[in-house]
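Here is a friendly tour of one protein chain.

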Amino acid sequence: VGPHIDQLVQLQKRQDTAQDWRTQTQLNVTRTDAVARAGGSGPVADFFSPVIKTTSERINKLQEELTTAEDTDAGKDVLKEIAAARKTYVDIRNGVFAQLKAGEAEAALKTLEGQVRPASEAYVKTISRMADYQGERVRGETDMVRQAARRTQTLMLVLAAICLSLGVGAAWLITRSVVRPLRAAIYEAEEVGQGDLSRDIRSVG
């Protein structure tokens, strides 16, 4: 059971990482939208721009962590798709920021609506696939833990039954070895008590 539990913990951690990655990405998409609609300047942009950068750094760490931990070909293939989708999204997002910096607020909004949104949706969708994939593995490993636990329980019951049977058998043999001589001695004593002095009473042991 132990190895299965260790694997289950690792898989759950990967699922949590993928879900965190998706959440952080969705937050940054919303922040990018707010900055673009604010024209790339003013209090909104001043507040969200550094937060977007910090969150992107966190996403980098989450991506690296999950890439290092993933041990299946299927999972690695999904990670490649995520990396490609992320690059597409980030490149378009950076283009919006460049347009805002150049004072092309209207063009930035068009890029936001026409390119950033579809790219961000595709990006988030691939992350969701990874979270779902890890979730499937968690459920599969959970079933294996349950099966292993049931096998262990069955083995313990069988061992307990064997020990009980051996104990009962040993107790019967011990009792038999004591009771039979005792009964014989009682019988001989009763015969002598009735006057039969021909009995040969032997002391054994």
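## How two helices cross

Let's begin with a pair of helices: α2 and α3 make a left-handed crossing. This comes from a predicted model, so keep that in mind as you follow along. The axes of α2 and α3 come within 12 Å, and the angle between them is roughly 165°. Angles over 145 degrees count as roughly antiparallel, and α2 and α3 are therefore roughly antiparallel to each other.

## A cavity inside

How many cavities of 30 Å³ or more are there? The count is 1 cavity, and the volume of the largest cavity is about 50 Å³.

Now look at the residues around the largest cavity. Its lining is made up of Thr25, Asn28, Ser56, Ile59, Arg86, Tyr89, Val90, Arg93 and Tyr123. Sorted by class, the lining has 4 nonpolar, 3 polar and 2 charged residues. The helices α1 (2-37), α2 (43-69) and α3 each provide at least two residues of this lining. Which helix gives the largest share? That is α3, with 4 residues.

## How confident is the model?

Across the protein chain, the mean pLDDT is 88, and 89% of the residues reach 70 or more. Confidence is highest in helix α3 (residues 73-101), with a mean of 95, and lowest in helix α4 (residues 105-193), with a mean of 85.

One reading tip to take with you: where pLDDT is low, the predicted coordinates should not be read in detail.

Methods. Residues numbered from 1 in each chain as written. Predicted model: local features only at pLDDT ≥ 70, side-chain atom pairs only at ≥ 80, totals over all residues. Heavy atoms only, no water. pLDDT = per-residue confidence, 0-100. 1 Å grid on protein atoms, 1.4 Å probe; cavity = no way out; pocket = protein on both sides within 12 Å on 5 of 7 lines; lining within 4 Å. Points joined across faces, edges and corners; volume = space filled by probe spheres on them. Nonpolar A, V, L, I, M, F, W, Y, C, P; charged D, E, K, R; others polar. Axes fitted to C-alpha atoms, helices over the stretch in contact; angles between N-to-C directions. Parallel < 35°, antiparallel > 145°, perpendicular 65-115°, else oblique. Left-handed = near helix turned anticlockwise from the far one by under 90°.
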